[in-house]
Structures are given as structure tokens and as C-alpha cells.
Amino acid sequence: MADFVITTDSNSDVPEEFLEQYKIPVIPQYYMFGDTVYGDEIKMEPSEFYETMRKGELPKSMANNPEVIREKFTAILKEGKDILHIAFSSALSGSCQNVQVAARDLMEDFPGRRILVFDSLNASLGEGVSVMRAAQLKEDGQSMEEIYDTLTEERDHINVYFTVDDLHHLQRGGRVSKTTAVVGSMINIKPLLTVTASGELKSDGTVRGRKKALKTLVTKMEQSLDTERFGKDRPVAIVHGDCLEDARAVEEQVAALGFENIVINDVSPSIGTHAGPGVVGLIFYGKTVQ
């Protein structure tokens with residue numbers, strides 16, 4: 001069995017210490033403020049990124065760079081190793097397709113090597129929990145093909161619910177109308193959204209007020225758990241857009257349900273471009289996503 005390397009992209013929001021521990025290379029995703037492109041050599045700390053948005057500057061997101069993909073993959077293949085890449089949802093970006101094209105080309109250049117591209121059909125730590133699962137399965141001695149099959153079997157059980165603090169960022173991305181954004185903001189309406197089995201974003205209702213929105217994330221988790229199949233030892237992930245205090249409040253509620261393996265991380269700028277400061281997401285294994 002050939003040795004292999006797990007790779008992912010920066011949209012997976014896997015904590016840096018985990019990436020370092022399991023030696024997982026990351027393909028950068030890009031974003032722009034004005035004419036400056038960030039994501040590779042030039043980066044912004046999440047707090048700086050969201051503060052820039054709060055001041056009124058509007059970023060744009062960009063897909064990954066095919067040349068960077070080739071460069072990173074080639075270095076691994078030259079070491080005689082195969083690659084299992086876990087990708088950002090193909091329903092939300094062309095990034096997964098860019099990796100698939102590069103993989104096909106490189107396997108022609110390196111006929112003895114294999115590259116498997118797993119489409120997570122998810123984003124942020126919704127994608128990242130598959131990365132973490134793959135790393136742990138590899139540590140347990142599973143082959144690249146076995147891990148790919150397990151990720152595929154479990155993909156529809158990764159539940160993602162999130163809320164945003166400012167409807168106008170969703171309006172910019174075409175997720176809600178301008179009227180909804182204006183009126184909803186006036187009456188303190190907070191949207192709830194989820195990721196579908198096909199990897200797309202879908203509205204999942206609204207509530208009034210931030211505190212209730214955060215509580216509802218946990219309520220939806222309680223309704224969607226499948227503890228017979230996925231025990232409470234499975235990780236639960238919480239992501240946030242520069243609002244750690246709110247993420248901690250959700251963590252406290254999740255811990256009260258008996259979960260101990262709770263991961264908290266920032267929403268990366270390339271995703272935060274669309275969600276804005278104040279986004280909070282809750283990710284867990286549960287019932288089949290529709």
C-alpha cells in the first residue's frame with residue numbers, strides 16, 4: 001500500500017495546530033480588498049479582516065490557483081506518495097473542479113501515482129470535520145481508498161446550521177433580497193441557514209434577536225442528532241466571524257448536551273466575505289441531511 005498525504009484548502013477552517021500535527025498541506029483560497037489579493041504570501045488575521053469589513057470595505061472572494069495546486073501536488077508526487085484531497089463544495093465554487101483538473105493532468109505526468117479528490121459538498125469546518133476524520137482514520141491504519149469510502153458514506157450526515165448578524169452581506173451574495181435585508185435589519189430579524197446534501201446554502205427560517213438565534217442553533221442540533229450511529233465522542237465544531245464570546249456561549253450549551261470534543265475556530269476570510277462579521281456556525285454528525 002503506497003503512502004499518501006491528506007491535503008485540503010484553506011476554506012476548511014481546520015485549526016492550525018491540527019494541520020501541523022497531521023502534516024496536512026493546504027491549498028490557499030483567495031480574497032481581495034481593492035486591488036490587493038490575499039490568501040497566500042499576503043494574509044490578514046481574521047480579526048483584522050472582519051474589522052475592515054465593519055469599517056465598510058467590501059471584499060471579494062476568488063477560487064484557488066491551478067498553478068499553486070500543481071506545484072503543491074507535484075512536490076508530494078515526486079516523493080512517491082499518493083494524495084487524498086478534501087475539497088470545498090463544488091456547488092459553491094469552482095475550486096473543487098480546479099483540483100480535479102489538476103489531478104487528472106498530474107496522474108498522466110506521474111502514471112504510478114494516484115490522486116483522489118473528495119468533494120466535501122460543504123464549507124468551513126463542515127468541510128473541515130471530514131479532514132479531521134480522514135487524518136484520524138489514516139492514523140488508525142486505513143488506506144486512502146478506505147478513507148475515501150468512509151467519508152462518502154458519512155458526508156450526508158454532517159449537519160451545518162449557522163446564523164449571520166447582518167443580512168446585508170447575504171443580500172450582496174444574492175441569498176436574500178434587498179427589501180428583506182433592509183426590513184429584517186430594522187426589526188432585528190436573524191436568519192438561520194443550513195447546507196444541503198447537494199452542498200448548497202438554504203434558508204432554514206428566521207428568529208428575532210441574536211441570543212435566540214444562537215440558542216436555536218443548538219435546538220436544531222438536538223433535533224438532528226443520531227446518537228445511535230454517531231456517539232458523543234464525535235467532534236462538534238463551532239465557527240465564528242470575530243465573535244468568540246458568542247461561539248463560547250454556543251459551546252457551553254453544546255457541552256451541556258454531553259459533548260466534550262468541541263472545536264472552535266474562525267471562519268476564514270474567503271468564506272467570511274459572504275457571511276460577514278458576526279457569523280456563527282454549528283457543525284455536527286447527525287441525521288441524514290436533505
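Predicted model: local features only at pLDDT ≥ 70, side-chain atom pairs only at ≥ 80, totals over all residues.

Trainee: How many salt bridges does a search of the whole structure find?
Mentor: The search finds 14.

Trainee: What makes E51 and R54 a salt bridge?
Mentor: Distance and atom type. The closest N and O atoms are 3.4 Å apart. The cut-off is within 4 Å, so the pair counts.

Trainee: Where do E51 and R54 lie relative to each other?
Mentor: Both are in helix α2, residues 46-54. They are 3 residues apart, so about one helical turn separates them.

Trainee: Why is E51 called partly exposed?
Mentor: E51 has 34% relative accessibility. Buried means under 20% and exposed means over 50%, so a value in between is partly exposed. R54, at 41%, is partly exposed by the rule too.

Trainee: How do you know that R113 and D82 form a salt bridge?
Mentor: Their side chains meet at 2.7 Å, N to O. That is within 4 Å, so the label holds.

Trainee: Which parts of the chain does the pair R113 and D82 link?
Mentor: Distant ones, 31 residues apart. R113 is in the loop between α4 (95-109) and β7 (115-119). D82 is in strand β6, residues 82-87.

Trainee: Are R113 and D82 buried or exposed?
Mentor: R113 is buried, and D82 is buried as well.

Trainee: What makes R234 and E154 a salt bridge?
Mentor: The N to O distance is 3.0 Å. Within 4 Å is the test, so R234 and E154 pass.

Trainee: Why does this pair tie together separate parts of the sequence?
Mentor: R234 lies in the loop between α9 (210-224) and β11 (236-240), while E154 lies in helix α6 (residues 144-154). The parts are therefore 80 residues apart in sequence.

Trainee: Why are R234 and E154 called buried?
Mentor: R234 has a relative accessible area of 15%. E154 has 7%. Buried means under 20%, so both labels follow.

Trainee: Turn to L106. Why is L106 called buried?
Mentor: L106 has a relative accessible area of 1%. The limit is under 20%, so L106 is buried. L106 lies in helix α4.

Trainee: What is L106 in contact with, leaving aside neighbours within four places in sequence?
Mentor: R70, F73, T74, L77 and I115. Contact means heavy atoms within 4.5 Å.

Trainee: How far apart are L106 and E57?
Mentor: They are 49 residues apart in sequence. In space, C-alpha to C-alpha, the distance is 39 Å.

Trainee: How many disulfides does a search of the whole structure find?
Mentor: The count is 0.

Trainee: Why do C96 and C243 count as buried?
Mentor: C96 is at 1% relative accessibility. C243 is at 12%. Under 20% is buried, so both qualify.

Trainee: Which residues touch the most other members of the largest nonpolar core?
Mentor: I6, L84 and I283, out of 45 residues. Helix α5 (residues 125-139) gives the largest share, 7 residues.

Trainee: What does I6 touch, not counting residues up to four places away in sequence?
Mentor: Its partners include I24, P25, L84, I86 and A134.

Terms used
Residues numbered from 1 in each chain as written. Heavy atoms only, no water. Helix = DSSP H or I, 4+ residues; strand = E, 2+ residues; numbered from the N terminus. Buried < 20%, exposed > 50% of the residue type's maximum accessible area, 1.4 Å probe, protein only. Disulfide = S-S within 2.5 Å. Core = buried A, V, L, I, M, F, W, Y, C linked by side-chain atoms within 4.5 Å.
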